[in-house]
Amino acid sequence: MNRKTISIISYLTIIGWVISFVVYHNGGRSSFAQYHLKQSFGLGVFGAILGVIFIPILPIDPLISTLFTILSAGVAIVLIFGIINAINQKRKPIPLIGLMFVDRFNFIKY
């Protein structure tokens, strides 16, 4: 796989991220792929945190359910931006939260 393919697949489910991570560490290393692995991992962590916070309280309040739906749609939109950046071979952070992930997740080394 080339660096563009690794980057795109990293945004497609947790299994796609794991496949990209394994390929990256077995000879597909590039700073471009590393950048998108970090962005997609950060987005996955952010989505998981939203789930842990909101899912237990969803049955309690319909307003919380609506807020969770809006935030989940926002995560999906941001995910699409990440995929588009990978397709266009741009090293651009995903909107709103991407800058938080640029210098994090040091286990993804180049």
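Visitor: Which helix gives the largest share of the lining of the largest pocket?
Guide: This is a predicted model. Helix H2 (13-25) and helix H3 (31-54) each supply at least two residues of that lining. The largest share is five residues, and it comes from H3.

Visitor: How many residues of that lining are charged?
Guide: The lining includes Tyr-11, Trp-17, Ser-40 and Leu-79. Eight of the lining residues are nonpolar and four are polar. The count of charged residues is none: no charged.

Visitor: How much space lies in the largest pocket?
Guide: Among the residues around it are Phe-41, Leu-43 and Val-45. The space comes to about 220 Å³.

Visitor: Is Asn-85 buried or exposed?
Guide: Asn-85 sits in helix H4 (residues 62-87). Beyond its neighbours within four places in sequence, Asn-85 contacts Phe-32, His-36, Lys-90, Lys-92 and Pro-93. Buried means under 20% relative accessible area. Asn-85 has 7% relative accessibility, so it counts as buried.

Visitor: Within what arc do the buried residues of H1 fall, seen down its axis?
Guide: The buried residues of helix H1 (residues 3-10) are Ile-6, Ser-7 and Ser-10. They line one face of the helix, because they fall within an arc of 95°.

Visitor: At the start of H1, which residue's backbone nitrogen does a side-chain oxygen of Asn-2 reach?
Guide: The side-chain oxygen comes to within 3.2 Å of that nitrogen. The nitrogen belongs to Lys-4.

Key: Residues numbered from 1 in each chain as written. Predicted model: local features only at pLDDT ≥ 70, side-chain atom pairs only at ≥ 80, totals over all residues. Heavy atoms only, no water. Helix = DSSP H or I, 4+ residues; strand = E, 2+ residues; numbered from the N terminus. Buried < 20%, exposed > 50% of the residue type's maximum accessible area, 1.4 Å probe, protein only. Contact = heavy atoms within 4.5 Å. 1 Å grid on protein atoms, 1.4 Å probe; cavity = no way out; pocket = protein on both sides within 12 Å on 5 of 7 lines; lining within 4 Å. Points joined across faces, edges and corners; volume = space filled by probe spheres on them. Nonpolar A, V, L, I, M, F, W, Y, C, P; charged D, E, K, R; others polar. Arc of directions from axis to C-beta. Polar contact = N/O pair within 3.5 Å; in protein donor to acceptor, adjacent residues only side chain to side chain.
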